[in-house]
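Trainee: I've got a model open and want to talk it through. Can we take it one piece at a time?

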Amino acid sequence: MLYPIQNQKRLTMSLNGIWNFSIVDEYYEPRFLLKDSILMAVPSSYNDLVVDKAVANHVGLVCYEKIIEVPKIISNEELRIRIGAATHKTSVYINGVKIGDHNGGFLPIDLMIPFEMIDDTLRLSIVLDNRLDYETLPIGQIGVKNGLEKQIIYYDFANLSGIHRDVILYTRPKNPIEDIYITTKIEDDLAYVSYQVFTEGKIKLVSIKDMNQQVVGFSSDQDGMIVVHKPHLWDIGYGYLYTLEVVTESDMYQERFGIREIEIKNNQLFLNKKKIYLKGFGMHEDHLIIGKGANSAFHIKDMNLLNWICANSFRTSHYPYAEEIYDLADQMGILIINEIPAVGLNFWSEEKVFVPGKVDERTKKVHMNQLTELVQRDKNHPSVIMYSLANEANTHEEGAYSYFKDVFSHMRTLTNLPLMIVEWVNAEVNRVASLADVIGLNRYFSWYSEFGELDVIEERIKNDFQSYYDKFKKPIMLTEFGADTIAGLHALPSVPFSEEFQVEFLALYQQAISNLDYVIGEHVWNFADFMTKQGLTRFNGNKKGVFSRDRQPKMVAHFLRESWKNK
Ligand code: BDP
């Protein structure tokens, strides 16, 4: 899947802005103009834009509607609509007629508007269903309380809902360039750039341009290889991007890519044959007011903060982020572990130790579909160095191995990048980690267990990591460690929730892993405070952020910056 771009052959029009919006009932079809609507901003979560609790906490369907004027397009062009992401099931209608639907709230929907429907004025309606069950990712369950549907979720972030990413109307010629796959290999002073172009059209020219717009190689093959001499390698802090330009008889597309090589060898991670250590965070797409809405100003601020704190990477916990974020990471040389929204999966075994549920074959199908869509979307981003296939699944339960065996084999047909699984269970009972290339461990000693007892951290972490390594002989990454901290709460001596405690806590974890040579990185949980479901342990959200929700540093940010400077 290619991102809509504008060039001599293609036109893009943003449909972002103010739309009409209304809660609608279960069987709603937009046959007529939306009634009793309110105004709503796109992209954005609607939850924090309204003052009415019933809308903010709505479980079920909503409709967004906009009347659009269509510029006269030449008769041999396709008109398409692309929604970067909308939660979670989406149906798109033109003048009341459905043109397609999609399941997956964190991946794009890209649909052709049938030629016979195109008119000067179109009524575009987007109906969303934010309910989660066992055929969605994340999984969830619907309960009924006092006659009202309640969403039960098994993960720790708010089910913020809405059209979260850009809505773009665009044209492309008939016989378009459908897709382009690029892979790179480096040998001494040469880079081998292999590409595949998916099109029915006839290729005229495929060329590679460097950042000065100079052509450094070309070919006229549909699937081929171009050698780049003395390439600029994409690297941490050095987002050097080349452009592969494909010109066919009718179409043209420019795809940016980087020349870089990722490898796991001897339990270490290498970028361009140099050993690297990942420093950074598990993040969330989460902001005041706009919730999970994509916004370039917020994206830039987050990336600048990552740079400031000397982080080199982040995990897209717990779902694929907006494509614009990957574009920034590509340009700034920041590494991404790209995670699918498989969070809190359980397998309905006899043990049922964590949460009830019933992940089954249907869930697995959705999981695999979304992996396909994720790789289709992100395959050419040099910043993506690894995929995470699940966060904290109950991998000790019966059924987990057969489920993940299929998920991993499927993913291996789609990408050569290393695959990670992020675990909460112990090595002894883990049935799945052997399938992964890198094991991510989320650990909360002295928080969810042995609360406040900082002195247990070192021993617990060392034993736990060593038993993982002994059993699986794989590189390990500390993918989560963190303590809720109220910005501005100070205490000497420290107490849990104070800024001092957060510093001591993180420092002890860093100390505990510092001599384990199979550990390839540390990601603090979390980059910033974020909104989650309310609960006794959640005071207006999760407060494990190193930055507050409005992106101001807690004391620990300065500590991390110092500790990561020369790491
Ligand atoms: C981990 C989860 C993460 C939570 C975190 C926490 O992976 O999503 O937010 O715990 O409790 O188990 O803060």
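Trainee: Which exposed residues does the face of α2 turned away from its buried side carry?

Mentor: Ground rules: this is a predicted model, where local features need pLDDT of at least 70, side-chain atom pairs count only at pLDDT 80 or more, and totals for chains, interfaces and linings use all residues. Residues are numbered from 1 along each chain as its sequence is written, and side-chain values use heavy atoms, with hydrogens and water left out. Exposed means over 50% relative accessible area, buried under 20% and partly exposed in between (1.4 Å probe, protein chains only). On that face of α2, the exposed residues are Ser296 and Ala297.

Trainee: How do the buried residues of α2 fall, seen down its axis?

Mentor: Helices here are DSSP runs (H or I, at least four residues), strands likewise (E, at least two), numbered from the N terminus. The buried ones in α2 are His299, Asp302, Met303, Leu305 and Leu306. They line one face of the helix, because, going by the directions from the helix axis to the C-beta atoms, they fall within an arc of 160°.

Trainee: What do those buried residues of α2 pack against?

Mentor: Contact means heavy atoms within 4.5 Å. By that cut-off, the partners are β23 (278–282), β24 (313–315) and α3 (323–332).

Trainee: Is Asp129 buried or exposed?

Mentor: Asp129 sits in strand β9 (residues 121–129). Leaving out residues up to four places away in sequence, Asp129 touches Gly60, Leu61, Thr87, His88 and Lys89. Its relative accessible area is 14%, so Asp129 is buried.

Trainee: And is Lys365 buried or exposed?

Mentor: Lys365 belongs to helix α4 (residues 361–378). With a relative accessible area of 60%, Lys365 is exposed.

Trainee: Which element gives the largest share of the lining of the largest pocket?

Mentor: On a 1 Å grid over the protein atoms alone, a pocket is an open set of points where a 1.4 Å probe fits, with protein on both sides within 12 Å along at least five of seven lines; lining residues have an atom within 4 Å of a point. The largest pocket is lined by 24 residues. Both α1 (53–56) and β11 (148–153) supply at least two of the lining residues. The largest share, 5 residues, comes from β11.
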